[in-house]
Amino acid sequence: MTAPVRTSPNPLKAKDRMKLPRQHMPEQPPLLRATNFKEVNLGYSEELARQEALRCLECAKPTCIDNCPVGVKVTEFVNLIVAGDYLGAAAKIREDNVLPAITGRVCPQEDHCEGHCLMAKKVEPLGIGYLERFVADYEQRHLDLSNLPKAVPTGKRVAIVGSGPSGLTAAGDLVQKGHQVTVFEALHELGGVLVYGIPEFRLPKQIIREQIDYMRAMGVQFETDVVVGKTVTINELVEEEGYHAVFIGTGAGAPQFMGIPGEHLNGVYSANEFLTRINLMHAYEFPNYDQPIVDFRGRDVAVIGGGNTALDAIRSALRLGARKAYVLYRRSEAEMPARAEEVKHAKQEGIEFHMLTAPVEFLSDDKGWLSSARCIRMELGEPDASGRRRPVPIEGSEFDLPLAVAVIAIGTSANPLIQSTTPGLKTNKRNYIDADAMTQRTSRKGVFAGGDIVTGSATVILAMGAGRRAAKSIHEYLTTGEW
Ligand SMILES: Cc1cc2nc3c(=O)[nH]c(=O)nc-3n(C[C@H](O)[C@H](O)[C@H](O)COP(=O)(O)OP(=O)(O)OC[C@H]3O[C@@H](n4cnc5c(N)ncnc54)[C@H](O)[C@@H]3O)c2cc1C
């Protein structure tokens, strides 16, 4: 048998593609953007997108696809860009990813597709995230949502609890199979962390609304202000409201603290509260909205932690007028879990990084407000359970850092309500829901779970991967009745 002939719209030979430089993403200048909440990255033009798409080597075994948790067909969508068929490229991405404008902006591509791009062995990897964002934004400007194809209704109803990326992905995949899908969200805004955690300058709220409008046009129904476990229980959804299956994607939004003296002081926030005040309570739109947070102008702020949450919090504080904005992280930069692009952007904006540094106590003025953090320097010892080198305090290295505001961003834990109101739903000792890693089935028949509420805090694309696997298993369960 002869191998199928691969046709490509790309006229360049592989060696010439390798010579093309990665196209730079236009962005707001650092000193300007540090004073506003407008998006940092401005997006590719058509010209830049096609130039970048021409770099793809069209590998016979594309490791970028194998390493995408939702399996986006990178080579195919990139070739459609080369051919100038941007709506075709968007449709190709949407076969596997219902939130392309979001993943194109916040996915840690360096850990997935781009991190496994063959080009990266010699030159910079293909800008897969930037290209995904380009086609998603192009689609938004040009697609007529009234004409989306609809699947034949199956008569089966699925309840999705939580409107974060896991729930939205499960909803999008299931509605395309013809199931009637309703998403129940506790908050008044849809999107989960995408809307209450990630700030406007990285992921504009309008982009999330547009992606959700697209899902509405596909047929997904949304109900906000419904706290499942209080307003209605999982049992009631199944037994009284007639849902045939339920997906739980409630996330890990409960804050964690350090347990050090002075954490109760005025001016010390959890990152969840801090970012919710900025995003959902509109602090980022000051002075159009009353400021629901302390006035940072001319004052010094520090965040404790090294993940995306920490960087989002401190870059928001800078934009709200902080005089000095510090990141205090107990390990070194190599261990920081934040996206590489965010670290680069934060440094350009003037955020000061104090690596191998951790607070041991918060000190106050005579009115109970934070006045400084007593910090200690660390050195790295042997690797710990996470595989990263353990930070070890250096005796006698304490120093005081004057501060008006400190934000604790050292991680989160499971949202607990559903676990305590759903009999027979098994959890692990940290109260995350037990779900099969392949099928996302829980211990309750007809109930599936995925995303951060199963794995603990992770990433948008991993939550989406879980939503996809759950949708596949829910569809199998609804069509075969087998558990
Ligand atoms: C500030 C911040 C920045 C981040 N930046 C990035 C990034 O750049 N890239 C990246 O890949 N990842 C990032 N992450 C991680 C990523 O956002 C999460 O891993 C992802 O959102 C998890 O998705 P999820 O669907 O599991 O849950 P969530 O996004 O947490 O959504 C859960 C939803 O369920 C709702 N809910 C909870 N309980 C109930 C209930 N009882 N009834 C009804 N609804 C309920 C919640 O209100 C919420 O809307 C970031 C996280 C934070 C906090």
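Strand β4, which covers residues 245-248, pairs with β16 in the parallel sense over 3 bridges, where two strands pair if DSSP finds at least two bridges between them, and where strands (E, at least two residues) and helices (H or I, at least four residues) are DSSP runs numbered from the N terminus. The model is a predicted one, in which local features need pLDDT of at least 70 and side-chain atom pairs count only at pLDDT 80 or more, while totals for chains, interfaces and linings use all residues. Residues are numbered from 1 along each chain as its sequence is written, and side-chain values use heavy atoms, with hydrogens and water left out.

Within the pairing of these two strands, F247 stands opposite F448 in β16. Both strands belong to an open sheet of 5 strands with parallel pairing, in the order β3-β2-β1-β4-β16. Because β3 (221-223) and β16 (447-449) stand at the edges and each has a single partner strand, one side of each is left without a neighbour in the sheet. From one strand to the next, the twist averages 20°. Helix α18, made of residues 460-480, lies across β1 (157-161), β4 and β16 and runs at about 170° to β4; such angles run from 0 to 180 degrees between the N-to-C directions of axes, which are lines fitted to C-alpha atoms, for helices over the stretch in contact, and contact means heavy atoms within 4.5 Å.

Another strand to follow is β7, where 5 of its 5 residues are buried, that is, under 20% relative accessible area, whereas exposed means over 50% and partly exposed lies in between (1.4 Å probe, protein chains only). D300, A302 and I304 point one way from β7, while V301 and V303 point the other way. On pairing, β7 joins strand β8 (residues 324-328) in the parallel sense over 5 bridges, and V301 has A325 as its bridge partner in β8. The chain crosses from β7 to β8 through helix α14 (residues 308-319), and this β-α-β crossover is right-handed, meaning that, with the strands pointing away from the viewer, the path from the first strand over the helix to the second runs clockwise. Strand β14 (residues 405-408) also pairs with β7 in the parallel sense, over 4 bridges, and there A302 stands opposite A406.
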